[in-house]
Amino acid sequence: MSVIETACIYFGIPETDDPRLLLGIQHGRYDRIAIRNALRRRLAQLHVHPQALTDEAAHIRKYVSELATELEYDAPETLIHTQETPQQLTNLDQAIIATLVSEGGWNKNSRSRLVGIAATYSITVGGLMRILEAFADAARTGGGPLSAQQRSTYKITRQWAVLPKRKSAVNVLDSFIADTAKKLTPELNSPSPVMTVKLAVLFSLLTVLAFVLSLQVLFSENLSADDTTTVVTHSLGDQNTKATPVQETSLFVKYPTFSVQKIPESILTFSDNSIRDVTALKTIEESLRLSFRAGTHPEHSLIDSWNTSIYSISSGWLFIDQQTQLQIKQSIVQIILFAEVHSIFVEELLSQLKVNRIMFTDAQQLTRLVWKTGILATLKCDHRLNANVRTIVNDITLPNIESCDETESRVYALQSVAMQLLPRTEFESNAMALWETWFLIAANIQRSTNNTSQYEFLVSAILQSEVDLLRDSKTRNVLGRTIEETDWSTSIPARNYISALISSEEQSLFDISILTSLYDRSDKISWFPTNCVVSPDSTLTERQKMAQVLYKEWPFDNSQSTAVWNLSIPAGFHTENIVLWLEKYTSIRTLQNSDLSKLAQLRLLNESAVALWKGRPDISDHALAAIDRFEFDTEGFFHDEETLRDGTFERKFTSAGKDQYDQLSAIDVLYNSSDTDLGVNDADLLATIALSHKKSVVREAATKVIIEQFYNGSTVATALVNNFATAKTTEQISTLIAQLTNYVLPESLSPSWNFEARKALVQHAITCGNKRAWELDELSSILSTSLLSEYLLLNPNVIQLSTDTTAIEAFTMVTDTWYRAIPPEYLLSNSIPFNPSGVLQQYLLSQLQYFALLESEEARWRSNEYLESSFSLLIADISSQSSISDQLTIAELHISKFWSLLLQDVKTEFERRMSQ
């Protein structure tokens, strides 16, 4: 490729060998100054080009420099000006040209600015359009239509730039006389009898017309303001003065919207099969349960039944009641729980839930995509499923979904589909059917959660698109449908968004005008103030005042939330329970913060408070009783360490030979001694005997002596870990773990049994002989047990976990449950001030999240979205503590304080009602 062709590509110009075009020299300029300026611009283009450092760019830079030097050789130093009369442009000319040039031609931004310019010169929008048309026609001939010299040629006047007014009866009469006079004027010079007859008839008609008009004026009533056809906007400058009516054009004749029939009917066809699908899922669940117990592989025919049910449910879920949907979700979770031991089988089940890319051919495909996204979000964060299953779920759902909330994930899916569908709306034949399905799903979410974020997102996306909303289009119909579908009166974010949009400087004035006109013309938004309709010639100051008025007059319907949530009293409530709880809270609060037992007792106390709040005083009493029974017993467990001289047990056991009874006698010697640990060799021999001896009687004796005599021996605990792989059976390992630790092993058939068992023995080895580590291990067990109890209280329909759960995992399950139970409008946005870097800090983060959710629960109970938060006080108290254990205790103490205040308010409300 030649350097000229390459230069044309780099500069973005058509291929040419003209040196002046290559340099970009201004037309009509041949002087050296113009050539140097052109060269400077080309070099600047090369400098900022993405490939500015390549060899091709260097060749082009050299070539244009040489080309400019050659052109300068024959060019004059300065331009020789000709005596040409300069064209004089008016200020309006200059403003129009400057706007079109700066905004890159005729587009949304230039239209918005031109409307403002027209308003400055007192020209209406229609007049501006006529001026631009005349300006474009005259520009083709080389002259300016608004210049002083060309006005007479183009006959540009301001008369046609004014909106036509409604013709009165006098106007009609004047027009009739003028038209008749024009027709009769050529004949007035004719002295024929026909002309005389015509004049007589004319004046007779005029007399009759004048008489009729006089009668109409005498008997007519005064017209009200509503009888006029003029669209009136009111001035917001002074609310006490009468507004000045201003005429404006209607942006659309008919309200833009759309409706596609037969979409709901096709979804209803699938929803009618919901009872059959629930039964099919229950059958699959029972079959997998039997296979799981028998240890056999499930039948492959279950896959076909599963696929049919999932397809039907995902296609008709919009019209399935909430209770049935909950049964379906529970069955799906149970099926996957029973199938997860068979990796290939569970992968086949999950493949039917995979979220595929939407092809814009089938409207029901959108319904299936949104339902699957919500179900997968629930499965992804369900800690009852193993890590492999959750990894598969994460891979088959939509990317970038971090929420575990079913509704939030479906809203995200709707937004993702909207961004893909918007550019196709004007061209896809099936686009409106897809939009009809989109609105059905959005309406379902709005009914169940009062969430309107999906509509606000769609409005914002349409306004940011390149579609011209001034003309009739499918996209404008979608925008009109969005305005009508949204329940604006229930959303504070919607009010804030619209108010900010009206007063925005960046948003196109045409788009704002279209949007407010839609609000005003919609039959479903009768409350929208007429004086908040933005006209295309409204100034920024006027729009800001409109936004303030709209912000104040925006209605809110809180009747439903007030009726459901307002100060309800928990079931089975008795003041005695509150009194007992407060007494226990007072006694625990006096303990030292450094005492880990205080943290454990506070956790049990908070579990008791949740049970009271949920109307389960029996569970509350059980938690309070657990506080009385709680005791670390560290002193009884830890005592002075005494280690038997290494080799002593080894010699006795070796001398016993293969005789079983002599071996048992050697083991019995270890009993009832003051030794708490063994040497390395003796500990290794004892662990080997307990785990891998041929005789079960000897294994049991060695296991028993470890449990009763060396339960706190760190060397023996380490030897158990080292000899774990040599164990002949799992019986001794299970016994050791059950007696020495608080760990809960999974089912023996579980593929993760070996990993969990070794993990339990490693944890035992770490805590042996370490008092602080042992206390933390005991504390973790107490915390996880209490949190799991609260989780089961909040989710009474779930089955208990068969595997061990850490305190952090249990806390995550609890916070997820609280989050799903609280309506979105009451969720408080408290930012967490740190990123955890360890297990204890991760638990502290869960405490902070839990405290924020409890405050949201109180806001829901009081029907007050703006309840004052104590979150900042909690952060301040935590920051003042020097150790992480003290910080954990302080956080749990704040949670207890929250429950004490709230339960006292419940007690006061209960006593007030009882006294009435």
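Q: Which side chain meets E485 in a salt bridge?
A: R481 does, with N to O at 2.8 Å. Keep in mind that this is a predicted model.

Q: Where do E485 and R481 lie?
A: Both are in helix α21, residues 474–485. They sit four residues apart, about one turn of the helix.

Q: Is R481 buried or exposed?
A: Buried, because its relative accessible area is 8% and the cut-off for buried is under 20%. E485 is partly exposed, at 23%.

Q: What ring does the charged end of R481 sit over?
A: The ring of F258, 5.0 Å from its centre. R410 also has its charged end over a ring: that of W317, 4.4 Å from the centre.

Q: Back to salt bridges. How many are there in the whole structure?
A: The search finds 16. One of them joins R603 and E790, at 2.4 Å from N to O.

Q: Which helices do R603 and E790 lie in?
A: R603 is in α27 and E790 is in α37, residues 771–794, so the pair ties together parts 187 residues apart in sequence. Both residues are buried.

Q: And which residues does the salt-bridge network join?
A: E285, E286 and R289, through shared partners. Between R289 and E286, the closest N and O atoms are 3.6 Å apart.

Q: How many residues of α27 are buried?
A: 18 of its 18. G615 follows α27, with a positive phi near 75°.

Q: Switching to aromatics. How many pairs?
A: The count is 17 aromatic pairs. Among them, W581 and Y585 are stacked, 5.7 Å centre to centre with 15° between the planes. Both belong to helix α26, residues 575–589. W581 is buried at 0% relative accessibility, and Y585 is buried at 6%.

Q: Which residues do ring pairs link into a cluster?
A: W613, F851, W861, F871, F898 and W899.

Q: Last one, the surface. Which residues make the nonpolar patch of about 360 Å²?
A: V208, F211, V212 and L215. V212 is in helix α10, residues 193–219, and counts as partly exposed at 43% relative accessibility.

Technical notes. Residues numbered from 1 in each chain as written. Predicted model: local features only at pLDDT ≥ 70, side-chain atom pairs only at ≥ 80, totals over all residues. Heavy atoms only, no water. Patch = residues over 30% accessible without salt bridge, like charges linked within 9 Å, V, L, I, M, F, W, Y side chains within 5 Å. Areas by Shrake-Rupley, 256 points an atom, 1.4 Å probe, with all protein chains shown as cover. Salt bridge = Lys/Arg side-chain N within 4 Å of Asp/Glu carboxyl O. Helix = DSSP H or I, 4+ residues; strand = E, 2+ residues; numbered from the N terminus. Buried < 20%, exposed > 50% of the residue type's maximum accessible area, 1.4 Å probe, protein only. Phe/Tyr/Trp six-rings, centres within 6.5 Å; stacked < 30°, edge-to-face > 60°. Lys NZ or Arg CZ within 6 Å of the ring centre and 35° of its normal.
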